[in-house]
Amino acid sequence: MKGRLRNVKISDEQKKFASLMISDLQNLNQLASNYNKIILEFCSGTGDFLVNYAEVEPQSFFLGIDYAENAYLRALKKVYNKKLCNCKFMNIYIQEVLDYLEDQFFDIIYINFPDPWPKKRHANRRLVTDQFLYKINRLIKKDGYCIIITDNKWYQEFIDEQLIKLNCYSMFYENSWFTEDEKEFSSTFSFFQSNYYFKAKKLNNKIRFYVLRKINICIQ
Ligand SMILES: C[S@@+](CC[C@H](N)C(=O)[O-])C[C@H]1O[C@@H](n2cnc3c(N)ncnc32)[C@H](O)[C@@H]1O
């Protein structure tokens, strides 16, 4: 599902300012070397979460990845307008980029409102599977986190099933993988409202904030 380009007018200068390609990832270490924390967002959409986060935390470095071109271009424009040097976006399938990312590089990986793909024939498009969570575990720093945020009831149940199969993360909340209390979540972790957050709120859906703490020795 590639986004439509025609709605987004963007100059080369605006595009270049915050866009990263696969070939740039070999310099990611250098690019992020002067920052205290490194945050990755999968499914970054139009960039609201990450751009707001990068604005209030200039001492951290942020990378967003999304395959929807239209959304990605909107994110690039936001970074350019705010002249944020600590926030970059990539327009690519997440699965294509994983092998190019270094071990133990990110403090937190956020997966914000991933598409649920509930139909059986679309099962291979679901991002948050046990296999995916195993795969991204190596990218997270010692004592880092993977955070998944979703309001989709079906996906919540699916994620619960995936988590039972995993031994490379532990629960952050007492006896629970998630909290539905936004205040509780944001008392520890940064959270900024995005398009799909507002959609969830409009529908009065319960949002779950899953927090997976990395276990440092993980046997698959
Ligand atoms: C429901 S939207 C959420 C967007 C944003 N996080 C928000 O909260 O508004 C899901 C996003 O995930 C992106 N996406 C889904 N699967 C992806 C994949 N395999 N690789 C890259 N992006 C993906 C879609 O393009 C879409 O922008």
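1. In strand β8, Y210 is the bridge partner of I148. Strand β5, residues 140–150, pairs with β8 in the antiparallel sense over six bridges; strands are taken as DSSP runs of E of at least two residues, and helices as runs of H or I of at least four, numbered from the N terminus. Two strands are said to pair if DSSP finds at least two bridges between them.

2. The model is a predicted one, in which local features need pLDDT of at least 70 and side-chain atom pairs count only at pLDDT 80 or more, whereas totals for chains, interfaces and linings use all residues. Residue numbers start from 1 along each chain as its sequence is written.

3. Two further strands run antiparallel to β8. Strand β6 (residues 169–171) is joined to β8 by three bridges, and S170 has R213 as its bridge partner there. Strand β7 (residues 178–179) is joined to β8 by two bridges, with F178 partnered by Y210.

4. Strand β8 (residues 208–214) is largely enclosed by the rest of the structure, because six of its seven residues are buried. A residue is buried if 20 or more other C-beta atoms, placed from the backbone, lie within 10 Å of its own, exposed if 12 or fewer, and partly exposed in between.

5. The largest nonpolar core has 54 residues, of which I109, C146, I147 and Y210 touch the most other members. Such a core is a set of buried Ala, Val, Leu, Ile, Met, Phe, Trp, Tyr and Cys residues joined through C-beta atoms within 7 Å. Apart from neighbours within four places in sequence, C146 is in contact (C-beta atoms, placed from the backbone, within 7 Å) with I109, L133, I136, I140, Y169 and L212.

6. Around the ligand are 20 residues, and C43, G45, A68, S194 and Y196 come nearest; a residue is counted if its C-beta atom, placed from the backbone, lies within 6 Å of the molecule. Helix α9 (195–202) and α5 (94–97) each supply at least two residues of this shell, and α9 gives the most, with three.

7. Most residues other than glycine have a negative phi. The phi of W117 is near 45°, and W117 is found in the loop between β4 (106–112) and α6 (130–137). W117 counts as partly exposed because it has 17 C-beta neighbours inside 10 Å. The phi of N175 is near 55°; N175 is placed in the loop between β6 and β7. With 5 other C-beta atoms within 10 Å, N175 is exposed.

Note on methods. Contact = placed C-beta atoms within 7 Å.
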